Amino acid sequence: MWRLIAWSAFLSFGVLHLLVGALVLVVLIRHHIVECDEILALATEDLVHEYEKFRGDPSLIQQEMDSDVGSHGTDNLFLLISSPSGHVVASASASKSILRKMLDAAKDGAQGTYRFNRGRRNDLGRAISIRAKKTALYDGNVLSVGYNVTDAEYNLIHVAMLLGAAMFMTLFVGAWLGAALARRFTAPLRNLAAAAERIADGDYTARVPASAAGWEIAQVEDAFNRMGDKNEKAMSDLRALTDDIAHDLRTPLTRLKAAAEVAALESAELNRPLPETVTDEVSAMLEMINTMLEISQTENRIDRTPREDVELLSFVTQAVDLYSVLAEEAGIELKMQLPPHPVVFSGHTGKLQRLLGNLLDNAMKFTPEGGKVIVSLTSAPVALTVSNTGPGIAPDDLPHVFKRFWRAEKSRSLPGNGLGLALVRAIATSYGGTASCTSIPGKWTTFHIVLTPQQ
């Protein structure tokens with residue numbers, strides 16, 4: 001990219017300088033021509049006036065011509081009056097060869113301005129250039145006035161050479177500056193590409209160093225680094241998730257392997273537990289896999305089931321009634337705190353059942369005998385709250401309770417695979433809501449689910 005910018009700068013400077021140089025030359029040449037034509041016009045006008053005044057008297061005209069040449073310089077101004085036949089009536093010039101050329105030009109009878117060179121060179125070694133004008137006089141004779149433009153034309157040539165040299169210098173200096181600036185401004189892009197290559201090769205710690213190329217580049221670098229941070233965290237979470245899946249699948253597979261080995265070694269009468277063991281362990285694995293799929297589908301909002309109006313007051317009451325028997329057997333007090341009026345929410349009955357069921361399962365699991373579980377429902381906003389007494393959750397563990405497969409160290413011996421609360425958060429999020437948890441260790445744990453009505 002920097003090469004393209006350098007070439008663009010090279011061509012841009014070249015074209016710009018060429019246009020400016022050409023414009024300057026055109027203006028200078030035009031000025032030179034106008035200035036010479038004005039000198040010729042003034043000299044011609046004066047001589048025509050004097051010729052008419054002196055009635056064509058050659059001696060008087062000669063005096064006037066000598067005076068004019070003397071005032072301008074014998075090498076600068078050349079005057080000639082000739083007859084139509086080519087006879088010299090009067091002349092004033094330091095060069096006979098110039099007069100001969102002016103005399104030859106006067107013979108064709110045409111009037112106007114012309115230019116010619118004399119092959120002989122001046123003291124500086126330059127070919128002499130003359131710009132001349134011929135005018136018909138009242139008696140048929142021709143007045144020719146010539147002016148030496150050698151120095152002016154060589155000055156124009158010098159200006160053109162200087163402009164050309166300046167153009168080449170500008171071209172190369174512009175190309176060098178363009179390349180230097182382009183490499184400087186594209187350095188952050190090269191750093192981005194290098195960091196992206198490292199990430200593609202598996203180095204998720206690669207980041208882009210901060211540069212001083214401007215706030216726009218700084219924004220890109222900051223966005224890239226934040227993306228790298230998220231990618232690194234995602235890969236770390238993926239590795240942890242993979243380890244958790246492997247850990248949770250290893251246990252039932254180990255049991256299946258052990259049962260199969262026992263069945264192969266023992267007698268046929270002892271083979272009866274094998275089908276039951278296989279069924280239980282496979283069911284547990286299928287349940288875990290199905291829950292993972294449900295979490296993924298819910299998080300990505302892949303659900304073709306249309307929403308329906310669910311009256312949450314009766315919905316919560318029915319769910320609590322189902323768990324009341326288990327609570328009574330475990331010696332747990334199960335209570336409800338419900339609003340006095342119906343609460344209608346547009347959602348999916350099955351998903352809401354999974355949400356509340358997982359919260360109640362979790363509360364019952366960690367509530368000791370003699371403890372309490374309280375289910376609350378509010379309508380503004382629509383929210384479900386499940387609180388329970390018990391050991392609570394340590395502050396360091398609170399940020400992780402909704403992660404997949406995560407379980408606190410002291411709860412790893414209890415039944416479960418760490419997916420229930422992850423599914424709760426996925427369902428709440430799919431409705432545009434939130435799932436949060438607060439806990440006072442040794443006293444209370446509360447899960448608060450806010451559901452956002454469909455717009």
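I began with burial in this predicted model: 36% of the 455 residues in the protein chain come out as buried.

Next I checked the secondary structure and found 9 helices and 12 strands. For contacts with a separation of 6 or more, I noted that residues 24 or more positions apart account for 62%.

The largest nonpolar core holds 40 residues, and Leu312, Leu360 and Ile449 touch the most other members. I listed the elements giving two or more residues to this core: helices H7 (312-329), H8 (349-366) and H9 (420-430), with strands E9 (372-379), E10 (382-389), E11 (434-440) and E12 (444-451). H7 gives the most, with 8 residues.

Leaving aside residues up to four places away in sequence, Leu360 touches Ala319, Tyr323, Leu334, Val373, Val375 and Val386. Apart from this core I found another one of 19 residues, including Leu47, Ile61, Leu77 and Ala92.

My last stop was H9. How many of its 11 residues are buried? I got 8, which leaves H9 mostly covered. The buried ones are Leu421, Ala422, Leu423, Val424, Ala426, Ile427, Ala428 and Ser430. Just after H9, I noted that Gly432 takes a positive phi of about 80 degrees.

Technical notes: Residues are numbered from 1 along each chain as its sequence is written. This is a predicted model: local features need pLDDT of at least 70, side-chain atom pairs count only at pLDDT 80 or more; totals for chains, interfaces and linings use all residues. Side-chain values use heavy atoms; hydrogens and water are left out. A nonpolar core is a set of buried Ala, Val, Leu, Ile, Met, Phe, Trp, Tyr and Cys residues joined through side-chain atoms within 4.5 Å. Buried means under 20% relative accessible area, exposed over 50%, partly exposed in between (1.4 Å probe, protein chains only). Helices (H or I, at least four residues) and strands (E, at least two) are DSSP runs, numbered from the N terminus. Contact means heavy atoms within 4.5 Å.
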